[in-house]
Amino acid sequence: MPDLNPEAVISELLSTWRAALDQATTLDALESIRVDALGRKGKLAEISKGFGKLSPEERSRIGKVLNGAKQELESSLDTRKAALEAVALNARLESEWLDLTVPAAGIRPGHLHPVTQVQREIEELFVSLGFAIMDGPEVEKEYYNFDALNIPGDHPARDMQDTFWLHSDRWAPDDRRLLRTHTSPVQIRALEKLGAPLKMIAPGRVFRNEAVDPSHEHTFYQLEGMMVDRDVSVAHLIYFMKTLLSAIFHRDVTVRLRPGFFPFVEPGFELDIQCLICGGKGCPVCKQSGWVELLPCGLVHPAVLRSGGLDPDEWNGFAFGLGLTRLAMMRYAIDDIRQFAAGDLRFLNQF
């Protein structure tokens, strides 16, 4: 036991260790302080070895001081260790932080838009049935969009299609252009180019000045289909339409065929499908009717055949047009058409 007062020695050592603890910035530094103070060969252990030379009263008094010093050091070491570990953890988290909402680096794998997926399926189906896939301009001439389809300028059917008319100094005053309101102009272009017999479909984007709501958009997709040959009847039309619907929905669907007026077909029909969103109970998509107008169709009007350069006494056919966007809504049970063109990846990545 040193000659100095043990209590004074312990007090001085505590002061030294407190200062060392305050300055320790690593766990290794804390371990060095612990070994120096509390180890088997540490300074407090050396002091306790001299207890045999003390009187019982001194041993009791100094023992309390020694135990108090040990408890203080152990508590301070634990507190300081926890603080340093927290700093180390924060530093590690900061360096290893990964924001799971940030897209991964590099090119991300993509996939087709839901409307495109439906379009590709229909194209594959009709190609297998011997149909050609045709295309036409989105900026269309008035003649092909209306006049050649038996919709002259004074025809009330023009009021059914609110149109985006275009103007340019490059076009003659009588050569009016517009954003096509349907894919039907491709019928005339295909007949002019290929003649008859002809089986074709024409998918594409169309535009109408619509009041936007859950079931109407100003920009959407349609698919036109036409078959021209000799002795084509409504029976051929019904066969191809049933084949189409069963292939798209992969199940039986409830449909109804009712008379409908379209200037480019005679007779004309509306093929409606029972709403697959609500099961026919009524919802915003079907306007609470339980039915969705899906597929206008009919036999090609003689005036359209003449516009395509054919003799209606020799040739006839059927035509249909369906809304690809609405078909995708039914296929994937989407209750708002505006989602398709919104560009929201959270929506698109579901398909």
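Helices are DSSP runs of H or I with at least four residues, strands are runs of E with at least two, and both are numbered from the N terminus. The structure shown is a predicted model, in which local features need pLDDT of at least 70, side-chain atom pairs count only at pLDDT 80 or more, and totals for chains, interfaces and linings use all residues. Residues are numbered from 1 along each chain as its sequence is written, and side-chain values use heavy atoms, with hydrogens and water left out.

**View 1. The end of helix 5.** Helix 5 itself has 15 residues.

**View 2. Gln-119 and the buried residues of helix 5.** Helix 5 covers residues 114–128, and Gln-119 lies in it. Gln-119 has a relative accessible area of 16%, so it counts as buried (under 20% relative accessible area, with a 1.4 Å probe and protein chains only). Gln-119 touches Pro-203 and Leu-324 (heavy atoms within 4.5 Å), leaving aside residues up to four places away in sequence. The buried residues of helix 5 also include Val-115, Val-118, Ile-122 and Phe-126. Glu-123 is another on that list.

**View 3. Helix 4 from end to end.** Helix 4 runs over residues 56–96, 41 residues in total. Its first and last C-alpha atoms are 58 Å apart, close to the expected 60 Å.

**View 4. The buried residues of helix 4.** Which residues of helix 4 are buried? They are Ile-62, Gly-63, Leu-66, Ala-69, Leu-73, Leu-77 and Leu-84. These residues pack against helix 1 (6–23), helix 2 (27–38) and helix 3 (43–49).

**View 5. The chain around these details.** The chain holds 11 helices and 10 strands. Its C-alpha trace spans about 135 × 50 × 35 Å along the principal axes. The radius of gyration, taken over C-alpha atoms, is 42 Å. A compact globule of 351 residues would have one near 20 Å (2.2 Å times the number of residues to the power 0.38). Buried residues account for 42% of the 351. Of the contacts between residues at least 6 apart in sequence, 67% join residues at least 24 apart.

Methods. Buried < 20%, exposed > 50% of the residue type's maximum accessible area, 1.4 Å probe, protein only. Expected span 1.5 Å × (residues − 1).
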